[in-house]
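Subject: The structure I promised you

Hi,

My notes on what turned up in it follow below.

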Amino acid sequence: MLEEAGASIILGNTYHLYLRPGHATINQLGGLHRFMSWERPILTDSGGFQVFSLTSLRKLTEEGVEFQSHIDGSTHFLSPEKSMEIQAALGSDIVMAFDECTPFPATREEALASLELTERWARRSKQRLLELHSEPPAAEQAGVRIVNQTQALFGINQGSTFLDLRKRSLEGLVEIGFDGYAIGGLSVGEQKSAMFEVVSHIASFMPDNRPRYLMGVGTPEDIVEAVALGVDMFDCVMPTRNARNGQLFTSRGKLNIKNSRYKDDPEPIDEACQCKVCSRYSRAYLRHLYLSDEILGSVLTSLHNVSFYLDTMGAIRQSILLGTFNEFRNSFLSGLARGQD
Ligand SMILES: [Zn+2]
């Protein structure tokens, strides 16, 4: 379904795959691409974000983080080196450096200490991934079979909402040298205006010849705005999570399929959408599936939302190539603001 919808890359969660089914199992089965029969690129996160947001009783040291599994409470330890071993075992195409996602809010001192730790961890991440790829005994000792020879490594910018700290963090990362640069630690509870202030400031200093990735963002309008500021890549649970909760994204803003006004509505979710769901099913039927707790409802609404996001990104890329991005942005945003009839 994702291939047909035009997805060119998907994201795998290192934390979840490490706990279940285990990276060693996936490695033995040929890596994540083969395990789930996905031949296109895969990005894996470092596992850090989930450790900091999902688990309890974590102990953070210079070495790494000790935490308890959210599944069975068992104790585990994740470090930059361990995160690289897991991601090498999974064989993703884009590996993320292990960072500390600075909690929000943070004082200046806390944000500074956190970004310095992230910088030291970024250096260790790069060194370990290089070692695993260039020294067969190192990979063997770690129990990792190299299944992807060409893994790219991205560094993650931190610094909370302090603009000078963001710049300092980026300079440190660029000095170490990465294949791409991510903006982390946003979309974690700060005001949206603060998020855009950081993106606007830091994107202007990011290397032109490397991908720029804004992590955990966002709504369709946030994505278009961040592209205007110079961001290339995004990841977010919103299209699928919101679909499961009945919230659908359309060219005329959000639509809640639970609403009784759609009870006998024969129209598609979005008449401007070319996806398989919109070409075939009515709002009334999708509402019925949702209210019946039918799994197919979540599948179809997720497929529409993912298609809407992919189509939006496709339209953004095309408008950039044609030199008409600003016109696209204005008409896209005014369409969203129109709302449903
Ligand atoms: Zn659709």
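Let's start with a single residue. At 61% relative accessibility, Ser37 counts as exposed, because the cut-off for that word is over 50%. You'll find Ser37 in the loop between helix 4 (32–35) and strand 2 (42–44). Its phi is near 55°, a positive value in a residue other than glycine. Why point that out? Most residues other than glycine have a negative phi.

One thing to keep in mind before going on: this is a predicted model.

There's another serine to look at, Ser160, which has a positive phi of about 50° although it is not a glycine. Is Ser160 buried or exposed? With a relative accessibility of 5%, Ser160 counts as buried, since buried means under 20%. Look for Ser160 in the loop between strand 7 (152–157) and helix 9 (163–176).

**The whole chain**

Now zoom out. The chain has 15 helices and twelve strands. A compact globule of 341 residues would have a radius of gyration near 20 Å, and the chain has 21 Å, which agrees. Along its principal axes, the C-alpha trace spans about 60 × 45 × 40 Å. Of the 341 residues, 50% count as buried.

As for the surface, the chain exposes about 16500 Å², and carbon and sulfur atoms supply 50% of that. On the charge side, there are 33 positive and 42 negative side chains, and the centres of the two sets lie 3 Å apart.

**Aromatic rings**

The structure holds seven aromatic pairs. One of them is Phe178 with Tyr181, an edge-to-face pair with 6.2 Å from centre to centre and 90° between the planes. Phe178 counts as buried at 5% relative accessibility, and Tyr181 is buried too, with a relative accessible area of 3%.

Phe249 and Tyr309 also form an edge-to-face pair, 5.4 Å centre to centre with 80° between the planes. Phe249 lies in strand 11 (residues 247–250) and Tyr309 in helix 14 (residues 295–322), so this pair ties together parts that are 60 residues apart in sequence. Both Phe249 and Tyr309 are buried.

While you're looking at rings, find Phe308, Phe328 and Phe332, which form one aromatic cluster.

**Helix 6**

Nine of its eleven residues are buried, so helix 6 is largely enclosed by the rest of the structure. Among the buried ones are Met84, Ile86 and Leu90, but also Ser83, Glu85 and Gln87. Just after helix 6 comes Gly91, which takes a positive phi of about 75°.

**Two residues and their distances**

Glu3 lies in helix 1 (residues 2–5) and counts as partly exposed at 42% relative accessibility. Which residues does Glu3 touch, not counting those up to four places away in sequence? They are Trp38 and Arg40. From Glu3 to Arg40 is 37 residues in sequence and 8.7 Å in space, C-alpha to C-alpha.

Arg241 sits in helix 12 (residues 238–244). With a relative accessible area of 46%, Arg241 is partly exposed. Thr161 is 80 residues from Arg241 in sequence and 27 Å from it in space, again C-alpha to C-alpha.

**Two cis peptide bonds**

Last stop, the backbone. Most peptide bonds are trans, so have a look at these two. A cis peptide bond joins Phe104 and Pro105, with omega at about 0°. Pro105 is in the loop between strand 6 (94–96) and helix 7 (108–134).

Where is the other one? The bond from Val217 to Gly218 is cis, with omega near 5°. Gly218 lies in the loop between strand 9 (212–215) and helix 11 (220–228).

Cheers

Note on methods: Residues are numbered from 1 along each chain as its sequence is written. This is a predicted model: local features need pLDDT of at least 70, side-chain atom pairs count only at pLDDT 80 or more; totals for chains, interfaces and linings use all residues. Side-chain values use heavy atoms; hydrogens and water are left out. Helices (H or I, at least four residues) and strands (E, at least two) are DSSP runs, numbered from the N terminus. The radius of gyration is taken over C-alpha atoms; the globule rule is 2.2 Å times the number of residues to the power 0.38. Buried means under 20% relative accessible area, exposed over 50%, partly exposed in between (1.4 Å probe, protein chains only). Accessible areas come from the Shrake-Rupley method with a 1.4 Å probe; for residues, only the protein chains shown count as cover. Lys and Arg count as positive and Asp and Glu as negative; His and the chain ends are not counted. The place of a charge is taken as NZ of Lys, CZ of Arg, CG of Asp or CD of Glu. Rings of Phe, Tyr and Trp (its six-membered ring) pair if their centres lie within 6.5 Å; planes under 30 degrees apart count as stacked, over 60 as edge-to-face and the rest as tilted. Contact means heavy atoms within 4.5 Å.
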